[in-house]
Amino acid sequence: MLLDRRSFAAGATALLTGCAAVNARPRSIAGCTPLPRVLVDESRVIRTVAGLRPYRRSGFVVRAEALGTKRLVHNYGHGGAGITLSWGSSRLATELGLQGHAGPVAVLGSGVMGLSTARLVQEAGFPVTIYAAALPPDTTSNIAGGQFHPFGFYREASATSEFKAQYLRALDFSWRRFQIMVGDDYGIRWLPTFVETGSPDAREIANFPPINRMLSEAEHPFPLESVLRYDTMYVETGRYLRQMIRDVQVAGGKIEVRRFATLADIAALPEALVFNCTGLGARDLFGDGELQPIRGQLAVLEPQPEVRYAALGAFGYMFPRADGILLGGTFERDVWDATPQPADIARIVASHKQFFDRFRCTA
Ligand SMILES: Cc1cc2nc3c(=O)[nH]c(=O)nc-3n(C[C@H](O)[C@H](O)[C@H](O)COP(=O)(O)OP(=O)(O)OC[C@H]3O[C@@H](n4cnc5c(N)ncnc54)[C@H](O)[C@@H]3O)c2cc1C
């Protein structure tokens with residue numbers, strides 16, 4: 001099943017994105033503003049990946065509870081928006097956990113959520129140890145496309161108004177935190193994003209997304225009737241997570257590779273405060289049956305540095321990164337097998353080829 005990012009998050013129909021402002025401002029020629037074409041071909045595929053989004057219908061969990069004499073703070077279940085929400089959700093979790101706490105802190109998990117939580121704990125002045133079964137690059141967070149956009153992490157009908165308020169606070173903090181990390185060291189950059197859709201994005205928080213307007217046919221090269229442009233940030237997740245690990249270590253944090261099988265294992269830790277950032281692992285470890293995987297598959301093409309825009313629509317999505325052009329994707333509920341399926345990958349490549357080959361003009 002090809003991914004329709006927006007219909008999942010908001011119940012709307014599929015979108016395709018189109019483009020516009022790029023590097024050197026392209027001239028509009030005969031009713032068409034050109035952009036560099038992504039060269040899609042099976043021969044340009046450099047790797048394929050699949051990952052399992054940790055999804056909960058009612059939304060992600062930030063909650064404190066007692067575990068014997070310890071305080072346990074959950075921070076998991078961010079579906080298709082874990083990169084986007086990482087700083088904000090971790091901020092909510094640390095606000096909850098650190099109040100009145102003294103002494104060292106444990107963080108379970110070394111994906112984007114565990115690393116952000118660990119950094120906020122350190123910034124608040126506490127020593128931290130991360131315990132994780134797997135480290136980057138072997139986490140779901142490394143698979144993520146890395147678009148900053150709140151997509152695919154709850155179902156409207158299942159979420160409470162309290163959850164939505166929590167999510168908006170998280171989104172707002174993340175939005176501001178990522179902005180001060182833009183640059184090559186963290187692998188974060190702004191890109192114009194073009195979406196096949198009939199209306200601008202809802203603005204749920206101030207200033208996001210900036211630039212949020214429907215384009216005329218003359219303003220883009222896409223073979224589409226209706227194109228929205230919004231701007232947002234994109235995270236090259238491999239580079240970002242590597243840098244986050246370094247940040248934790250430079251600030252004196254320890255990292256221990258360890259898998260927890262039972263709550264008794266956690267209760268035996270020396271730290272009195274424990275943050276649970278185990279993503280999909282929380283299902284077995286904490287018995288959260290609502291947590292389910294949503295598999296996503298990506299085909300990655302050889303990099304094309306001249307492509308400086310992202311596009312989304314009925315064909316899937318294209319995010320250009322220094323480590324390759326990402327073509328996505330699928331959205332497969334309750335599928336636990338995290339291996340790319342050749343037939344799905346072939347379909348993703350074919351749908352993008354058809355889309356990019358039909359550009360009305362190219363730069
Ligand atoms: C194809 C795809 C595309 C995506 N695109 C985007 C996107 O564009 N933007 C976006 O915001 N999000 C995106 N996501 C979603 C994002 O990847 C996830 O929401 C996010 O990675 C979850 O982070 P996490 O830290 O909670 O989990 P993980 O990255 O899975 O980390 C969990 C950590 O917990 C550890 N752990 C688990 N169980 C145990 C245990 N029992 N004992 C010890 N350690 C344990 C693991 O080893 C790991 O270190 C995408 C996901 C996929 C699959």
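**Close-up views of the disulfide and the overall chain**

**View 1. One disulfide is found in a search of the whole structure.** The model is predicted. Cys32 and Cys361 form this link, with their sulfur atoms 2.0 Å apart. The Cys32–Cys361 link is left-handed, at -90° about the S-S bond.

**View 2. Buried or exposed: where do Cys32 and Cys361 fall?** Cys32 is buried, at 4% relative accessibility. Cys361 is buried too, with a relative accessible area of 11%. Both values fall under the 20% cut-off for buried residues. Cys277 is also buried, at 6% relative accessible area.

**View 3. The chain holds nine helices and 15 strands.** Its radius of gyration is 21 Å, close to the 21 Å that the globule rule gives for 363 residues, so the chain is as compact as a globular protein of that length. Along the principal axes, the C-alpha atoms fill a box of roughly 70 × 40 × 40 Å.

**View 4. Buried residues make up 57% of the 363 in the chain.** Among contacts with a separation of 6 or more, 78% come from residues 24 or more positions apart.

**View 5. The accessible surface of the chain comes to about 14,600 Å².** Carbon and sulfur atoms account for 51% of that surface. The chain carries 39 positive and 35 negative charges.

Terms used:
Residues numbered from 1 in each chain as written. Predicted model: local features only at pLDDT ≥ 70, side-chain atom pairs only at ≥ 80, totals over all residues. Heavy atoms only, no water. Helix = DSSP H or I, 4+ residues; strand = E, 2+ residues; numbered from the N terminus. Rg over C-alpha atoms; globule rule 2.2 N^0.38 Å. Buried < 20%, exposed > 50% of the residue type's maximum accessible area, 1.4 Å probe, protein only. Contact = heavy atoms within 4.5 Å. Areas by Shrake-Rupley, 256 points an atom, 1.4 Å probe, with all protein chains shown as cover. Lys, Arg positive; Asp, Glu negative; His and termini not counted. Charge placed at Lys NZ, Arg CZ, Asp CG, Glu CD. Disulfide = S-S within 2.5 Å.
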